[in-house]
Structure formats: C-alpha cells, structure tokens
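Open the model in your viewer and keep the selection panel at hand. The tour moves from one stop to the next.

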Amino acid sequence: MPPPPNAGRFTRRELLQGLAAGAVGTVVGTLDHGYVYQRGDLRVTRETIRVSGLAGALSGLRLGFLSDLHRSEMVSHEMADAAVRLLLAENTDLIILGGDYVTFGGGRNRRYVGPAADALAPLSAPHGVFAILGNHDDDRDMPAALSAKGFTVLRDSRTRLIIKGVPLDLAGIRFWTRRITDIASVVRGASTNLILLAHTPSRLPEAASLDIPLMLSGHTHGGQIVLPGLGAIAAREFPVVAGSGRREGTAVFVTRGVGTVYVPIRLNCPPEVAVITLEPVTLAS
C-alpha cells in the first residue's frame with residue numbers, strides 16, 4: 001500500500017510548534033547557563049589607560065578596581081571572597097572600591113552591610129584602599145562599616161596621596177551628585193594628576209567639561225545580559241557601558257562589576273575585578 005500523501009512531512013502547525021519548542025529550549029538553556037556558570041565566571045581584566053597630564057613619575061602606577069559587589073541572597077560570601085582574593089593576588093599600588101556593596105542596603109538587605117564589609121576587609125595596598133558609595137548603599141551604615149575596616153570613604157570629597165614625590169588626587173562623588181557646579185567644588189584645587197571616582201558613567205560629560213583626566217565608574221554591570229546582535233539593552237543609556245573610553249581629554253574606565261542585581265544571571269558579560277595601569281598621554285598615542 002502506498003504511503004499517505006503527507007507521510008514524512010510536517011504540517012505548518014507542527015513545524016511552528018517544533019520551532020517554538022526549540023526556541024524555548026534554547027532560551028531556558030541559555031538562562032540556565034547564565035545562572036549556573038556565567039555569573040560565577042569571575043575574571044581579572046587588565047587594561048592600560050593613557051591619562052592626559054599624568055606626571056611621568058606615575059607612569060606604570062597600578063590601580064585595583066572592584067565595584068558592584070551587591071552582597072545579597074543572590075551574591076554569596078564565597079563570590080565576594082573570590083573577588084577579594086583575585087584582586088589581592090595582583091599586588092596593585094592602591095585599590096578603589098566603586099560602590100553598591102549590597103542591594104538596597106537601607107531595606108531588608110541591611111543585614112548584608114556588615115558581611116559585605118567583612119568580605120572586603122582583607123583588601124590592602126601600599127597606598128591604601130579608597131571607597132565611594134553607589135545608589136544601593138545607604139549613607140550611614142555602609143560608610144561606617146567600610147571606615148571600620150580602615151578604608152577611606154570619599155563622599156563629595158577629595159584626598160591627596162604623595163607617590164614618588166608627586167601628588168595624586170582622588171575625588172569621590174555621591175551617586176546623586178550631578179550638577180557640574182557641585183562636582184567642580186569637589187575637584188577645585190586638585191593637581192593635574194586627578195582621578196574622579198563616580199559610581200555611574202553618566203557623569204562623563206561633566207568630567208569632560210571640567211577637564212578631569214580620568215574617571216572610574218561601575219553601576220552598569222556591563223549590561224549584565226548582553227544579547228547577540230542586540231548588545232546590552234539595559235545599559236544603552238550610558239556613554240560607556242563597559243571597558244575604556246574617552247570624551248575629549250577625559251579617559252574613563254567602566255567595570256562590569258562582581259555581582260548581579262534584580263536577576264541572578266549574566267549572559268556574555270562575565271563578572272570582573274579590574275587592574276588599571278596608568279600611563280601618560282604622549283604625542284605618539
């Protein structure tokens with residue numbers, strides 16, 4: 001008996017159902033990989049940044065940069081400890097902490113303020129450890145916890161280091177400090193060796209307007225979920241989403257950070273601690 005006319009062929013409905021099932025399987029598999037593996041695939045990013053006006057004596061200065069720990073139910077002590085150990089192994093000259101140590105520390109996650117500071121406590125560097133606050137950090141408990149560990153917390157303030165006989169100024173601003181006049185008051189009187197620590201890279205236009213040579217930021221998580229062909233949809237508003245960039249004479253580096261927020265997933269955007277080597281801008285560069 002000959003086979004039916006449609007034997008071995010799919011109907012349009014069956015084909016669409018099969019494609020839909022395959023798509024769902026791919027999405028579920030991808031999200032599972034982002035949850036199980038990628039969010040814990042912590043790496044060290046090493047980058048050299050050329051800084052306008054940097055004194056020759058500071059050439060080769062290495063900064064350790066850790067941000068967006070987001071210690072919470074989604075980010076364990078083990079994850080925080082791994083980031084600290086990775087950064088310590090780099091033996092940097094100084095360390096910068098870029099904010100968001102917990103997730104909404106003023107609410108039910110207040111209990112993570114102490115553990116976040118405890119996880120960071122082993123950090124040390126020859127020229128010190130300096131911290132700013134992020135939008136998830138409260139303005140009382142978190143800075144107190146960090147200060148108790150010996151870290152200098154910069155809240156709309158500036159400090160000066162003397163390295164190899166020349167000044168290096170670190171200016172740290174609050175997440176909510178946005179007006180250029182307020183930022184200008186923090187950096188006024190600084191040396192040409194100046195680094196602005198701003199949790200969000202959205203402050204890049206102000207930094208460029210003030211001729212600040214270098215800005216370090218976090219906040220974006222690198223987009224946290226980066227889709228092929230579409231990029232970091234959740235972070236398109238930022239002038240730089242991850243890595244280094246430049247606007248006029250101002251260089252910027254934006255770290256992808258360590259933890260996650262809202263959803264415990266990273267896709268094509270591994271967590272990192274960063275090591276930044278400073279070099280002066282030369283005519284050749």
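Select β10 and β11 (residues 250–254): the two strands pair in the antiparallel sense over five bridges. Pairing here requires at least two DSSP bridges between two strands. Strands are DSSP runs of E with at least two residues, helices are runs of H or I with at least four, and both are numbered from the N terminus. Now pick Gly245; opposite stands Val252 in β11.

This is a predicted model, in which local features need pLDDT of at least 70 and side-chain atom pairs count only at pLDDT 80 or more, while totals for chains, interfaces and linings use all residues. Residues are numbered from 1 along each chain as its sequence is written, and side-chain values use heavy atoms, with hydrogens and water left out.

**A loop stop: Ser202**

Go to the loop between β8 (194–198) and α6 (204–209), where Ser202 is found. Buried means under 20% relative accessible area, exposed over 50%, and partly exposed in between (1.4 Å probe, protein chains only). Ser202 touches Phe238 and Pro239, leaving out residues up to four places away in sequence. A contact means heavy atoms within 4.5 Å. Draw a distance from Ser202 to Val241: their C-alpha atoms are separated by 9.8 Å, and the two residues are 39 apart along the chain.

**The other open sheet**

Next, select the six strands in the order β1-β12-β2-β3-β4-β5, an open sheet with mixed pairing. β1 (43–51) and β5 (152–153) stand at its edges with a single partner strand each, so one side of each has no neighbour in the sheet. β4 and β5 run parallel, joined by two bridges. Phe130 has Thr152 in β5 as its bridge partner.

Stay for Thr277, in strand β12. Thr277 counts as buried because its relative accessibility is 17%. Show its contacts beyond four places in sequence: Glu47, Thr48, Ile49, Gly60, Leu61 and Arg62.

**Into the core**

Display the largest nonpolar core, of 33 residues. A nonpolar core is a set of buried Ala, Val, Leu, Ile, Met, Phe, Trp, Tyr and Cys residues joined through side-chain atoms within 4.5 Å. Residues with the most contacts inside this core include Leu97, Tyr101 and Met142. Elements giving two or more residues to this core include α2 (77–88), α3 (113–120) and α4 (141–148). Apart from this core lies another, of 27 residues, among them Val166, Leu168 and Ile276. Centre on Leu97: beyond four places in sequence, its contacts include Leu66, Leu120, Phe130 and Phe151.

**Zoom out**

Finally, show the whole protein chain, with six helices and 12 strands. Buried residues make up 49% of its 285 residues.
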